[in-house]
Amino acid sequence: MTTPRTFLVFGGTGQTGQHFVRLALAQGHHVRALARTPAKFTEPHPRLTVTQGSITDDLDLDALLSGVDAVVAMIGDVRAQQDALIATAFVQRLVPAMRRQGVSRFLYQAGGLSAAPDRPLPLGLRVVRATIAHAYLGQHRDNEAVMRYLRDEADDLEWMVHRAGIGSDGPSKGVLQRSARAISIGTFVDCADYTLRTVLDPDAVHTCDPSRYARS
């Protein structure tokens, strides 16, 4: 049985985040969530604490992090990220606060079309990124800047990045597993399940891997 943990979640009202919060609570964990619109959490829970706010606000990160075991960030704003590295700026504020509060574990969810540092995307994914997914280039640049910052400036923390191939909010298609290069298009619930398992996995520390469905 997994020891109950307290997670600080950014992006908990998003498409993957809602499933992550539900799964974490169902497994006995505590969730502290920051939400621009707290009312999106429609079902109160005794182990869920919601604080109103946005990652672009002047947050009291030390207060949010106090007593937390791990941080999970599933954030993104396609419009805002066209013009600014908002996720990078947030992570650069978050990491020093984590150090001050003695919180080491951090999972950041990026898109599968965001390249890990020094690991170019395969040709097929580069073509998709430059054509079908062109509108998300700003988001990928932001994600890549976050990964470089974590690698270069946060080696003392137990960070990990899930480069998720998120597809739809359909039912589960199976179990996602960490992969060195291959990526599967996963449903939101499957990506959330993977993220919850991964943030507790010491073998995932300092990795920026995608996920793929386990073969039967």
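Helices (H or I, at least four residues) and strands (E, at least two) are DSSP runs, numbered from the N terminus. Residues are numbered from 1 along each chain as its sequence is written. The model is predicted, with local features needing pLDDT of at least 70 and side-chain atom pairs counting only at pLDDT 80 or more, while totals for chains, interfaces and linings use all residues; side-chain values use heavy atoms, with hydrogens and water left out.

**Exercise 1. Find Val68 and decide: is it buried or exposed?**

Step 1. Start with the place: Val68 sits in the loop between α2 (61-65) and β4.

Step 2. Next, recall the cut-offs: buried means under 20% relative accessible area, exposed over 50%, and partly exposed in between (1.4 Å probe, protein chains only).

Step 3. Val68 has 8% relative accessibility, so it counts as buried.

Step 4. Now look at its surroundings, where contact means heavy atoms within 4.5 Å. Setting aside neighbours within four places in sequence, Val68 is in contact with Thr6, Phe7, Leu8, Arg32 and Val103.

**Exercise 2. In which order do the eight strands of the open sheet lie?**

Step 1. Pairing comes first: two strands pair if DSSP finds at least two bridges between them. Strands of a sheet pair through backbone hydrogen bonds, either parallel or antiparallel.

Step 2. The order is β3-β2-β1-β4-β5-β6-β10-β8, with mixed pairing. At the edges are β3 (48-52) and β8 (176-178), each of which pairs on one side only.

Step 3. Walk through part of the sheet. β1 and β4 are parallel and share four bridges, and Leu8 has Val71 in β4 as its bridge partner. Four bridges also join β4 to β5, again running parallel; here Val72 is partnered by Leu107 in β5. β5 (residues 105-111) then pairs with β6 (residues 158-164) in the parallel sense over seven bridges, and Leu107 stands opposite Met160 in β6.

**Exercise 3. Which residues show that both faces of β4 are covered?**

Step 1. In a regular strand the side chains alternate between the two faces of the sheet.

Step 2. On one side of β4 are Ala70 and Val72, on the other Val71 and Ala73, and all of them are buried.

**Exercise 4. How do helices α1 and α7 cross?**

Step 1. Two packed helices are described by the angle between their axes and the distance between the axes. Axes are lines fitted to C-alpha atoms, for helices over the stretch in contact, and angles run from 0 to 180 degrees between N-to-C directions.

Step 2. The axes of α1 (residues 17-26) and α7 (residues 188-199) come within 8 Å and cross at roughly 50°.

Step 3. Angles under 35 degrees count as roughly parallel, over 145 as roughly antiparallel, 65 to 115 as roughly perpendicular and the rest as oblique. α1 and α7 are therefore oblique to each other.

Step 4. Who meets whom? His19, Phe20, Arg22, Leu23 and Ala24 in α1 touch Phe188, Val189, Ala192, Asp193, Thr195 and Leu196 in α7.

**Exercise 5. Where does Asp118 lie, and what is its phi?**

Step 1. Most residues other than glycine have a negative phi, and most peptide bonds are trans.

Step 2. Asp118 has a phi near 60°, a positive value in a residue other than glycine.

Step 3. Asp118 lies in the loop between β5 and α5 (123-130). Its relative accessibility is 70%, so Asp118 counts as exposed.

Step 4. His206 is in the loop between α7 and β10 (208-213), and it is partly exposed, with a relative accessible area of 33%.
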